[in-house]
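Hello,

I am handing over the structure we talked about, with notes on what was found in it. Please open it alongside the text below.

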Amino acid sequence: MGFQFLMEELGVECRSATVELPDLLNNPVVRLVAQKHKRTAAQVLLRFLAQQDITAIPKSTKAVRIHENGDIFSFQLDELDMAALSSLDLGGGQFPDGPVAPEPARTEEAPPRTMNTSVTLSGGQRMPLLGLGCWQAPSQEVAAAVEAALLAGYRHIDTAYLYMNEDGVGEGIQAALKSGKMTRSDLFVVTKLPNAGMQEGKVEKYLKKSLKLLGLDCVDLYLVHTPFGCVERSETDVFPSQDGKPLIEFSTDLIAVWKEMEKMVKLGLTKSIGVSNFNAKQVLKIVSNAEIPPAVHQVECHVYFQQRALREACKKHNIAITAYAPLGSPGRKVLYESRGATVELPDLLNNPVVRLVAEKHKRTAAQVLLRFLAQQDIIVIPKSTKATRIRENGDIFSFQLDELDMAALSSLDQGEPGRSFHMSMFPGISDHPEAPFWTPFQDMKYPL
Ligand SMILES: NC(=O)c1ccc[n+]([C@@H]2O[C@H](COP(=O)([O-])OP(=O)(O)OC[C@H]3O[C@@H](n4cnc5c(N)ncnc54)[C@H](OP(=O)(O)O)[C@@H]3O)[C@@H](O)[C@H]2O)c1
């Protein structure tokens, strides 16, 4: 603050005139810690340094502030506060041109008191904001998980042909329906077109296979799982591959596939259609050629990778966003390692800022991560096969994050470096004209 003023006073032509100076006193994480200790942001900033034996020499000529800044020995920051404040370090020591933290999402108005538990899709259908994810849940486990989730109040289940568990999902749905506590029309079931079905004439066949496994006449939403296809060698070959690499079909025609998807709505086999793992350009390609526009886009989305640009593009076209990996998908570690990949996965559940917000609301980190997204009308589909976690993850409508919490969590966005699902899970895909995004990453054994 004072630095810019001084330069102007001295008449120094200074780059800082156009540079955003760090606004530590309004940093939402600092303010969260200050709120917790009923102290000012300045006191927290000074105490943070003093507690590490760093001498702080705050300047002020105002008696009240001098007094305030001096009162930093009557309270103590705990380990969590220190970790949250430490996580603000941008490194480099390049004042004032250091790395620019992503702008916190604008929270123009306070979140509603009673929040939506569903969103209205472009076709008028209501889609529950909370669903159960089913990836990496074998059939025998997923049946019990789906039943537990539906009995706990979930009304939305997310699966895929590629998860090879649609039969178990179907079993779980039937068991829950038998309880008499819900009817099929209360449920929102999502499944996805596999890569091998991404050719003209094949979409109907694969959707019918999914319906048969699920034991349903129709799903609520059918998604194109990825924007690239694989060669179909046989109908039972879920991940067509050779020498540990997927048999990629390089001539995927997204518009032709979309026309087939539209037919599925007309045939009454699905109520809505959408996409998954598409980039913004691919979404626009579909939108500008669609008779029935995509209702939903399912993508990786969580506090470290908030997908602001893609979300904005989708919003313009009334496409709802479903966040996959909303907890950071920690279960992938074992899977990746078993395939010979050493990957650093984001540890969202232990992030100190997330934990600080959780502590404030007496909630778990998982609940905060999910609520943060749902409060922005982003659909969340956390996966768990454990009944206690299913219930915990489902309890996100009984509390509310305030503007400060939202700003602190928004500030965790890392943009593109926060992406943790890389298409290099499909070795060779970078050569595909429709490879949606590509980040070099150690190739691992396919299929995952
Ligand atoms: N379209 C796509 O390409 C795509 C890609 C990935 C995922 N998805 C969908 O999105 C869903 C969610 O993504 P995801 O499964 O990758 O990741 P996630 O939901 O972020 O994380 C699931 C992992 O977190 C654990 N977990 C769940 N609740 C927890 C809690 N309260 N505390 C601590 N750990 C907890 C689960 O273990 P336990 O089961 O042991 O509890 C599991 O290992 C998937 O299941 C799938 O339906 C779609």
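A polar atom of the Asn-277 side chain lies 3.0 Å from the backbone oxygen of His-225. Keep in mind that this is a predicted model.

The side chain of Asn-277 also makes a polar contact of 2.6 Å with the side chain of Tyr-324. Asn-277 sits in the loop between strand 11 (270-276) and helix 10 (280-289). Is Asn-277 buried or exposed? Its relative accessible area is 5%, so Asn-277 counts as buried, the cut-off being under 20%. Leaving aside residues up to four places away in sequence, Asn-277 touches His-225, Thr-226, Pro-227, Gln-282, His-297, Gln-298, Val-299, Tyr-324, Met-423, Pro-436 and Phe-437.

Asn-277 also faces the ligand: a polar atom of its side chain lies 2.8 Å from a ligand oxygen atom. For Ser-384, a polar side-chain atom lies 2.5 Å from an oxygen atom of the ligand. Cys-134 uses its backbone instead, with an N or O atom 3.1 Å from a ligand oxygen. The ligand taken alone exposes 900 Å², and the protein buries 91% of that.

Regards

Note on methods: Residues numbered from 1 in each chain as written. Predicted model: local features only at pLDDT ≥ 70, side-chain atom pairs only at ≥ 80, totals over all residues. Heavy atoms only, no water. Polar contact = N/O pair within 3.5 Å; in protein donor to acceptor, adjacent residues only side chain to side chain. Areas by Shrake-Rupley, 256 points an atom, 1.4 Å probe, with all protein chains shown as cover. Helix = DSSP H or I, 4+ residues; strand = E, 2+ residues; numbered from the N terminus. Buried < 20%, exposed > 50% of the residue type's maximum accessible area, 1.4 Å probe, protein only. Contact = heavy atoms within 4.5 Å.
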